[in-house]
Amino acid sequence: MQKQQRYLIEKLKKENRLSEAEYEELIAHRDDETAEMLAEAATVRRKKIFGDAVYMRGLIEISSICKNNCYYCGIRKDNRFAERYRLTKEEIISCAEEGYELGFRTFVLQGGEDPYFSDDVLCDIVSELKNGHPDCAVTLSMGERTPESYRALFDAGAERYLLRHETADARHYAMLHPAEMSFENRMNCLKELRETGYQVGCGFMVGSPGQTPATLAKDLTFLQEFKPEMCGIGPFVPHRNTPFGNEKQGSLELTLLLLSVIRVMLPEVLLPATTALGTIHPQGREKGIMAGANVLMPNLSPLYVRKKYELYDNKICTGEESAQCRGCLEARMNSIGCRLTVDRGDSPVFLKNGKL
Ligand code: SAM
C-alpha cells in the first residue's frame, strides 16, 4: 500500500477528520488496499456502537408528482413519460399498519415536491400516524420547505428529516439543478431543520455528472462540520428520460469506500445501504453494510405504485428489498453476521444528549 494512503487512513482513524486536500488525495489515489483498510476500520466502529444490529425503516413513497426539474431525477417535472400518482391519507396509514405488523418502528414518508402536501395535509397525516403508533418514529423526506413548515411538521410529531445536500460545491450544484433551484436554499433548509430539533439526514449521489475527487472532498468536509445524524449516499443511476440519461452510472467501489470513510469520520451516524446500491449490484446492500452502513430502508409503498416512483432506470422495488420480504432481508443480514432489529433506531447522539 502507498505510504501516504496509510498515513491518511491512520490520521482519519485517530482524529476522525482530515483536511479537504487530504480527502481529495485519499479519493484520487485510492486502491484496493485503501478500501480494505477503511472497511476494516469502519466495521470496528459500527460494531462498537451498534453491535450486530441493522436498523430497518419502512419507506412509503407518497407522491411521484414534483414541481422541480433536477436534471438527474426520473420524477422531474418535465419528464412527460413519468407515471404520476399520489397516495391518499388512508393508503399511507394502511401501509404503515402493514409495516407495523411486519416489525417496522420507523416510517419514512418520501415524495416529490408535490404542492398538494401542504402543511395542513401533511401534519394531519403525521399526527394520525403518531397517534396510532406512539412507539414509532416518523421521518419525512419531502424536500425544501419553509422554516414554518418544518416547525409545524415537527410539532405534529415528525422527528427526523432527510434532505440530501446533493453536493457541497455550489458550482457542481448548478450543474445538477436548473437555475431556479439554489444551493444556498438547500443549505439553509438543512440549518433550519437542525435548529428546529430534527434528527437530520443529508447526503449525495456518488458519481453524479461533474463530480470529482475535489467536489467529494467538499462533501466530506461538509459532513465533518455539519455532523448529520443520518447520511444517505448511493450511486447515481441514469434515468433514460432525463437530461442525464446517457451519463455513466456511479461506481460500486467508490460508493463502498465513501461509506467506510463516513463511518470512520462519524462513528455514530445512521448510514443506509441504499436501494440504488442494491440496484447496481445483487449483493449491493450486504456490501454496503460490510463497508460500514447500518440501516436498510425496504419499500412499503402499495404494490401498484412501486414502479411509478422511478427515480432511475431499473430501480429494484418488488423483490427481496420490499418490506413484505422481511424474512429474505433477515437471512441476507444473518449471512453477514448481522441482525435486523425491531427498534426505532434513534441517533445515539440524540439519545446521549437527552434530546429524546
Ligand atoms: N423530493 C425530496 C428531496 O428532494 O429530497 C425527496 C425525493 S428525491 C427523489 C430523493 C433522492 O433521490 C434525491 O435526494 C436524490 O439524491 C435521489 N435520486 C434522484 N435521482 C436519482 C438518480 N438518478 N440516481 C440515484 N439517486 C437519485
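Helices here are DSSP runs of H or I with at least four residues, numbered from the N terminus. Axes are lines fitted to C-alpha atoms, for helices over the stretch in contact, and angles run from 0 to 180 degrees between N-to-C directions. What you see is a predicted model, in which local features need pLDDT of at least 70 and side-chain atom pairs count only at pLDDT 80 or more, while totals for chains, interfaces and linings use all residues. Residues are numbered from 1 along each chain as its sequence is written, and side-chain values use heavy atoms, with hydrogens and water left out.

Let me begin with helix 1 (residues 3-15) and helix 2 (residues 20-28), whose axes come within 10 Å and cross at roughly 130°. Helix 1 and helix 2 are therefore oblique to each other; angles under 35 degrees count as roughly parallel, over 145 as roughly antiparallel, 65 to 115 as roughly perpendicular and the rest as oblique.

For helix 4 (residues 89-102) and helix 5 (residues 119-132), the axes also come within 10 Å, with a crossing of roughly 30°. Helix 4 is therefore roughly parallel to helix 5.

I turn now to the ligand. Which residues are closest to the ligand? Of the 17 residues that surround the ligand, the closest are Tyr 72, Gly 111, Arg 164, Glu 166 and Val 237; here a residue counts if one of its heavy atoms lies within 4 Å.

A ligand nitrogen atom lies 3.0 Å from a backbone N or O atom of Tyr 72. In the side chain of Arg 164, an N or O atom is 2.9 Å from a ligand oxygen atom. A polar backbone atom of Val 237 is 2.7 Å from a nitrogen atom of the ligand.

Note on methods
Polar contact = N/O pair within 3.5 Å; in protein donor to acceptor, adjacent residues only side chain to side chain. Helix = DSSP H or I, 4+ residues; strand = E, 2+ residues; numbered from the N terminus.
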